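The following note sets out points for a colleague who is about to examine the model.

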Amino acid sequence: MKKPKLRELKEAITSLFSKPYTTKFPFEPHKPSKRFRGKPKFDEEKCVGCGACAQVCPSNAIEVKDIIEEKKRILIHHPDKCIYCGQCEINCITDGGIKLTDQFDISYFKSEEVIDKVEHEIVLCENCGSVIGTKKHILWVANKLGNLAYSQPILLSAIQEKLGIVSEYEEKVIPPIQRTDILKIICPKCRRIAFISDEKIKEKK
Ligand code: SF4
Ligand code: SF4
């Protein structure tokens, strides 16, 4: 039999008197390290419902569900698809809308027991009914732009509504869309149509 090397002998003796590296979980609660990447969680206050986290998620673990009839957007995090990469947290536009927690023991019978959700009100185009964005996101952009926000009709309307100022353009769009509708809540596609149809009318004249 080969004699043990000195280094191995030293390690064997040291390990006899040192603490084990593994934890005693599940018999004792495990405390994850500071940089541990556990189950992500939305922050209702900080999330504005932009959907950027869903776009960067490599495993499609974040679902963006728009319910047009209820003017509602729901963001749903599915832990069974999540790979805990942290891209959602890194790319969140508000820096805190979603954060990885230290929760690691995710066991469940039904997935509904562990999915995390956040809800937002959506703004629809008054002409075609398509989704423009969430109200909170629009206000967040307006706030970021400061005075520059007054040059964009949707942002301007959102600020006026927040301030409780009644806009003189309150009345709804009556099809066909015209140049006068550009100050109403319309999506970029309808805004373009409004400008083009106006140019065509000018050409005819
Ligand atoms: S604010 Fe952050 S968490 Fe909320 S939808 Fe946008 S990227 Fe996702
Ligand atoms: S941690 Fe990664 S996989 Fe999980 S939701 Fe965030 S981006 Fe998607």
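1. Helices (H or I, at least four residues) and strands (E, at least two) are DSSP runs, numbered from the N terminus, and two strands pair if DSSP finds at least two bridges between them. On these terms, β2 and β3 form a hairpin with 4 residues between them. K71, in the turn of this hairpin, has a positive phi of about 50 degrees.

2. Residues are numbered from 1 along each chain as its sequence is written, while chains are lettered from A and ligands numbered from 1 in the order in which they are written.

3. Confidence is expressed as pLDDT, the predictor's own score for each residue, from 0 to 100. The chain has an average pLDDT of 88, and 91% of the residues score at least 70. Among the elements of the chain, the highest mean belongs to helix α2 (residues 52-56), at 98, and the lowest to helix α6 (residues 188-204), at 77. Where pLDDT is low, the predicted coordinates should not be read in detail.

4. Which order do the strands of the open sheet follow? The 4 strands are arranged as β2-β3-β5-β6, with antiparallel pairing. β2 (62-67) and β6 are the edge strands, each with a single partner, so one side of each has no neighbour in the sheet. From one strand to the next the twist averages 30 degrees; such angles run from 0 to 180 degrees between N-to-C directions of axes, which are lines fitted to C-alpha atoms, for helices over the stretch in contact.

5. β2 and β3 run antiparallel and are joined by 6 bridges, with E63 opposite I76 of β3. Strand β3 (residues 72-77) also pairs with strand β5 (residues 116-124), in the antiparallel sense and over 6 bridges. Within β5, E121 is the bridge partner of K72, and D116 is that of H77.

6. L124 faces V131 of β6, and V123 stands opposite G133. The β5-β6 hairpin has 6 residues between its strands, and G129 in its turn has a positive phi of about 80 degrees.

7. Two residues are taken to be in contact if their C-beta atoms, placed from the backbone, lie within 7 Å. α4 lies across β5 and β6, at about 75 degrees to β6. The axes of helix α4 (residues 135-145) and helix α5 (residues 153-163) come within 9 Å and cross at roughly 100 degrees. α4 is therefore roughly perpendicular to α5, a term that covers 65 to 115 degrees, with angles under 35 being roughly parallel, over 145 roughly antiparallel and the rest oblique. The contact involves K135, I138, L139, V141, A142 and L145 of α4, together with I154, L155, A158, I159 and K162 of α5. It comprises 9 nonpolar, no polar and 2 charged residues, where Ala, Val, Leu, Ile, Met, Phe, Trp, Tyr, Cys and Pro count as nonpolar, Asp, Glu, Lys and Arg as charged, and the others, Gly among them, as polar.

8. For the ligand shells, a residue is near a molecule or strand if its C-beta atom, placed from the backbone, lies within 6 Å of it. Ligand 1 is surrounded by 14 residues, the closest being C47, C50, C53, C92 and G97. That shell divides into 10 nonpolar, 4 polar and no charged residues. Around ligand 2 there are 14 residues, of which C57, C82, C85, Q87 and C88 are the closest; they divide into 10 nonpolar, 4 polar and no charged.

9. The peptide bond from F25 to P26 is cis, with omega near 10 degrees; P26 is placed in the loop between α1 (6-17) and β1 (40-42). Y84 is not a glycine, yet has a positive phi of about 55 degrees. Y84 belongs to the loop between β3 and α3 (87-91).

Notes:
This is a predicted model: local features need pLDDT of at least 70, side-chain atom pairs count only at pLDDT 80 or more; totals for chains, interfaces and linings use all residues.
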